[in-house]
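User: Hi! I would like to walk through this model with you, one question at a time. Could you help me read it?

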Amino acid sequence: MAMNPSPIPRLQTHLPKPTRYPSIPSSSLQPTQPTSHNFTNLNQNFRFKVQSADARPLNVPLIAPFTIASSRIERVENVAIRVELTDGSVGWGEAPVLPFVTAEDQAIALEMANEVCMLMGSWEEMRLGDVLREIGAVFQGHEFASVRAGMEMAIIDAAAQSSCIPLWRLFGGVSNTITTDITSKVLQIPIVSAESAANLALKYRKQGFETLKLKVGKDLKADIQVLEAIKLVYPDCKFILDANEGYTAIEALEVLQILQEVGVAPILFEQPVAKDDFEGLGHVSRVAREKFGVPVAADESCRCISDAKRIAEGNLADVINIKLAKSGVVGALEIIELALASGLHLMIGGMVETRLAMGFAGHLAAGMGCFRYIDLDTPLLLSEDPVSGGYEAPVQVTEVMNFFHPPFPPLVFGAAYKFRNSGGHGGSLCWDNPT
């Protein structure tokens with residue numbers, strides 16, 4: 001459920017005009033094929049003009065309410081973006097909106113995306129890299145990162161479609177599949193009662209999920225009860241704990257101490273403290289590493305390249321969680337480069353998103369091949385799949401799905417995603433009949 005909308009800023013009053021780049025001969029109206037399949041090359045050599053662009057609400061109900069330490073939602077209320085080039089190639093993007101996590105609510109994200117969509121049609125033919133710089137100049141910083149991510153996704157997807165390059169090849173071509181090699185099959189359990197968590201754990205155990213990511217951080221006592229209940233019904237389960245800023249440093253270490261006493265060691269502890277508590281994050285990371293052997297991931301604390309530098313230089317975390325909605329696609333690539341150079345491990349995740357945004361992130365993860373933890377499961381939380389095409393995965397009709405009358409179509413479901421060899425992302429929406 002969206003936050004109370006704040007006044008929507010009007011971009012026309014302060015939006016910079018596109019920089020005048022060297023003119024491109026009219027004979028080169030059709031986009032140029034890059035000489036090699038990589039993102040840097042496409043940025044520098046691919047030239048195009050936007051024919052039309054549009055943004056619309058993307059609303060999808062959840063199977064059940066999703067609760068984390070900072071918010072509770074009952075449906076996805078994101079923004080879908082469609083960009084069409086003059087050669088007919090179409091790209092798709094998604095701006096995820098999560099109350100109290102992203103700075104934008106749906107109304108603001110939709111308003112701002114549509115204003116820039118209208119402006120893009122008036123821009124001259126430009127190189128991909130120049131267009132992405134213009135988008136970055138409009139949506140600066142964390143405040144509009146989600147919209148920036150959705151716009152970048154759509155533009156990059158359109159460029160890749162036009163060039164007949166699948167995104168996984170564009171981002172490095174290491175693989176066309178992703179599997180959670182370290183954490184095996186992972187599925188999230190939101191903040192629920194101990195009884196509900198145990199029932200979900202039993203269900204997921206039967207479905208073959210070996211690792212459960214548990215949302216914690218709202219109530220320390222209740223969190224411990226949930227973990228103990230799951231351990232009873234699924235003794236050999238592996239855990240990732242995600243506190244979403246919910247604990248103090250003292251509480252975070254208390255959780256690890258209690259878990260150690262009952263013989264449970266999480267394989268990862270994600271964002272244990274408030275995003276701006278860098279001192280607390282560093283303290284928890286050091287103690288967790290040295291005393292409990294548990295790595296700590298920075299999620300909300302790493303929203304931009306300056307945050308990543310601070311974490312790396314201060315050794316404040318072992319892992320950085322990359323989410324496109326936090327930093328945009330271009331910003332995420334900068335953070336990835338810095339993290340790898342600094343010896344930090346990488347995780348990739350998302351907000352609550354459809355297979356548009358999750359598929360883009362999956363292509364990036366498969367193509368780069370540098371992520372130790374892969375957490376791209378939130379499409380499994382949706383009661384329907386609005387995306388046509390996209391990645392392939394094992395399909396199952398679960399007991400959860402059959403609770404609905406009439407049952408909805410099977411979702412793309414499984415721990416291994418395979419990405420197609422067609423251009424771009426491979427997924428699309430039925431634009432004439434938006435959800």
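User: Which residues of H10 are buried?

Analyst: Helices (H or I, at least four residues) and strands (E, at least two) are DSSP runs, numbered from the N terminus, and H10 spans 305–314. Buried means under 20% relative accessible area, exposed over 50%, and partly exposed in between (1.4 Å probe, protein chains only). By that rule, the buried residues of H10 are Asp307, Ala308 and Ile311.

User: What covers the buried residues of H10?

Analyst: Contact here means heavy atoms within 4.5 Å. The cover includes both helices and strands. Among them are H9, strand S11 (296–298), S12 and helix H11 (324–341).

User: Which residue follows H10, and what is its phi?

Analyst: Most residues other than glycine have a negative phi, and most peptide bonds are trans. The residue after H10 is Asn315, with a positive phi near 50°.

User: Is Asp318 buried or exposed, and which backbone nitrogen does its side chain reach?

Analyst: Asp318 lies in the loop between H10 and strand S12 (319–322). Its relative accessibility is 15%, so Asp318 counts as buried. Leaving aside neighbours within four places in sequence, Asp318 is in contact with Arg289, Val294, Pro295, Val296, Leu344 and His345. The backbone nitrogen that its side chain reaches, at 2.9 Å, is that of Val296.

User: Cys164 and Gln271 each have a positive phi; which of them is buried and which is exposed?

Analyst: Cys164, with a phi of about 60°, is in the loop between helix H4 (145–163) and helix H5 (167–170). Gln271, with a phi of about 40°, is in the loop between strand S10 (268–270) and helix H9 (278–292). Relative accessibility is 56% for Cys164, so that residue is exposed. With a relative accessible area of 0%, the buried one is Gln271.

User: How many disulfides are there, and how far is the nearest cysteine sulfur from Cys302?

Analyst: A disulfide is counted when a pair of cysteine sulfur atoms is within 2.5 Å. A search of the whole structure finds zero. Cys302 is buried, with a relative accessible area of 2%. Its nearest cysteine sulfur belongs to Cys304, at a distance of 7.2 Å.

User: What share of the protein's residues is buried?

Analyst: The protein has 13 helices and 17 strands. Among contacts between residues at least 6 apart in sequence, 78% join residues at least 24 apart. Of the 435 residues, the buried share is 56%.

User: How confident is the predictor, and where is the pLDDT below 50?

Analyst: The pLDDT is the predictor's confidence in each residue, from 0 to 100; the protein averages 82, and 80% of the residues score at least 70. Residues are numbered from 1 along each chain as its sequence is written, and side-chain values use heavy atoms, with hydrogens and water left out. In this predicted model, local features need pLDDT of at least 70 and side-chain atom pairs count only at pLDDT 80 or more, while totals for chains, interfaces and linings use all residues. The pLDDT is below 50 over residues 180–187 and over residues 396–413.

Note on methods. Polar contact = N/O pair within 3.5 Å; in protein donor to acceptor, adjacent residues only side chain to side chain.
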